[in-house]
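Please look over the sequence and the model shown below before reading on. The report that follows takes up a few parts of the structure in turn.

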Amino acid sequence: MTLLKKHMLLGLILGSLIIQSFQCASPDFTGAKLAYNQKDYNKAMIALQKEVTKNPTNAEAWYLLADCHYRLNDLPKAVQNSLEASKRADKEPMKTKVADQLFFLWAEIYNKGTSAYNEFLSKDKSGDITEMTALLDLAISIKPENTEPLALLGNIYELKGDTTKAIASYEQYVRQLTPYIEFMKKNGMSLGMSREEALRVLGKPANSKAFPDNNGDSLLIDKLIIGGDEVFVSSVKKEGGKAIIEGVRSQLPKSWLNQERERFYSMNIRPFVNLAYLYYGSKSLDKAVDIIEFTLSINPTDDDLASLKIQIYDEQGKSDEVLKSLEIAANKNPNNKTYLEQYARVLARQKQYDKAIANYEKALSIDPNFENAIFNIGACYVNKAVEIIDEENKKIDANSKYKPDESKYFPLLNKAADFFSQYRSYAANKDNLGVLQQLSDIYLITRQNDKFKKIVIDLEAAEPANLTNSSYYEYMGKIYAKQGLKDKADAAFRMADTLKKNK
């Protein structure tokens with residue numbers, strides 16, 4: 001998985017003023033507060049421990065004890081005592097102070113866990129994960145509703161090959177997000193839809209906040225009251241563009257601070273994708289499909305999940321079922337390029353190339369730069385040409401004097417080459433080995449020698465990126481052999497054999 005973007009939270013400053021009490025304080029508590037104000041946290045901690053043993057309902061003592069442990073770098077005990085304070089703080093201002101402390105501890109611990117995670121990724125995922133997972137587990141114990149630590153935890157276990165723990169973490173993540181997703185489904189919302197469209201459905205916000213940056217972009221948070229519950233909608237507005245929905249949260253704990261409830265929230269769908277693949281890998285295909293469909297209901301443009309669903313249905317012998325569902329989706333959403341491309345892809349899998357091409361063309365009429373459609377329509381033209389070439393070869397086998405009708409397939413190959421060339425025109429795809437090989441084969445078959453020679457030069461330039469790829473050298477050997485370059489062909493084949501043996 002790619003490096004997760006690091007969102008560091010601003011920590012809240014813990015107040016050090018002592019809450020005034022109108023009841024008679026015990027000697028232990030009085031001594032503890034004196035030591036605390038003098039920053040003698042060890043002494044204060046000992047006295048506070050005696051106080052909470054004798055008077056476990058003293059929320060202020062638990063609060064101060066948590067702060068002592070934090071200042072003495074014992075985060076687990078700081079969390080434990082702050083949670084105890086939270087159970088007992090039933091009056092202001094102590095309720096707010098404890099809520100403030102818990103959020104500060106969560107942010108501090110999560111930030112430490114995130115830093116450790118990024119370091120873990122930078123070291124090729126090597127090293128001991130005990131301390132890192134302990135930090136993330138601790139953050140989860142404070143505020144399980146804040147799902148960021150769960151996403152990291154699941155990914156750590158997955159990268160370390162602990163599938164059982166990875167699945168358990170991702171499943172917990174899904175459970176936490178389920179109320180938000182159900183709310184979105186109920187109201188016809190999806191990630192990536194415009195804020196304007198969402199608010200037409202949900203109604204006027206009770207209040208809205210915008211946080212602009214120096215680039216002209218803004219984070220927007222809308223608070224709505226729906227069915228007596230507070231709902232928070234987070235959007236991103238790029239300069240000159242529409243605000244786009246990134247996340248929705250509801251049913252948040254009443255004990256949370258306003259600034260905590262109104263924190264910008266971006267819904268991370270990657271753990272759903274990872275969980276689907278883990279289910280698939282463990283042959284839990286029904287579970288994989290369930291999580292895919294659940295996720296696609298609010299994120300229909302996720303190509304990874306759509307592709308996996310198609311693959312699973314193929315393996316289950318349900319290709320007709322998925323084809324029918326995609327046909328319905330494409331007909332209901334004729335301006336949705338993603339549905340059209342997915343429908344076309346399944347048609348192509350079933351070798352219905354003409355219908356697939358028609359739907360790819362519809363998708364490209366909506367978005368001429370839709371790279372998936374550009375590549376796949378090129379592949380359709382190639383596959384259609386291959387079918388005709390196979391038929392022509394059968395005629396040659398039956399009659400050695402038969403001359404193949406190149407006019408039947410040359411135009412298809414040329415069409416494919418146009419699309420593959422367009423695909424290569426995007427910087428990220430310029431050195432795509434598969435596309436280079438397709439173009440090389442097409443130009444060789446259609447005898448476009450100048451274009452073929454240029455592609456061979458590009459293929460040779462791709463060698464540094466393929467030094468350990470035996471398939472690359474094997475292909476280059478065949479290309480050189482077709483050109484009559486025996487020495488180069490032999491060298492490439494030897495390299496391919498060496499790499500295969502060293503695997």
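## Helices lying across the sheet

In this predicted model, helix α8, which spans residues 163–186, lies across β2, β3 and β4 and runs at about 125° to β4. Helix α9, made of residues 195–202, lies across β1, β2, β3 and β4, and its direction is at about 10° to β2.

## The sheet itself

The open sheet is formed by four strands in the order β1-β2-β3-β4, with antiparallel pairing. At its edges stand β1 (207–212) and β4 (243–250), each of which pairs on one side only, and neighbouring strands are turned against each other by 20° on average, direction ignored.

Within the sheet, strand β2 (residues 218–226) pairs with strand β3 (residues 229–237) in the antiparallel sense over nine bridges, and Ile221 stands opposite Ser234 in β3.

## Two helices packed together

Helix α5 (residues 94–122) packs against helix α7 (residues 148–159) at an angle of about 30°, and their axes are 11 Å apart. Because angles under 35 degrees count as roughly parallel, α5 is described as roughly parallel to α7; the crossing of the two is left-handed.

On the α5 side the contact includes Trp106, Tyr110 and Phe120, while on the α7 side it includes Pro149, Leu152 and Ile156. Taken by class, the contact of α5 with α7 has nine nonpolar, two polar and one charged residues.

## A buried asparagine

Asn359 lies in helix α16, which covers residues 353–366, and at 7% relative accessibility Asn359 counts as buried. Leaving aside neighbours within four places in sequence, Asn359 is in contact with Leu340, Tyr343, Ala344 and Leu347.

Terms used
Residues numbered from 1 in each chain as written. Predicted model: local features only at pLDDT ≥ 70, side-chain atom pairs only at ≥ 80, totals over all residues. Heavy atoms only, no water. Axes fitted to C-alpha atoms, helices over the stretch in contact; angles between N-to-C directions. Parallel < 35°, antiparallel > 145°, perpendicular 65-115°, else oblique. Left-handed = near helix turned anticlockwise from the far one by under 90°. Contact = heavy atoms within 4.5 Å. Nonpolar A, V, L, I, M, F, W, Y, C, P; charged D, E, K, R; others polar. Buried < 20%, exposed > 50% of the residue type's maximum accessible area, 1.4 Å probe, protein only. Pairing = 2+ DSSP bridges.
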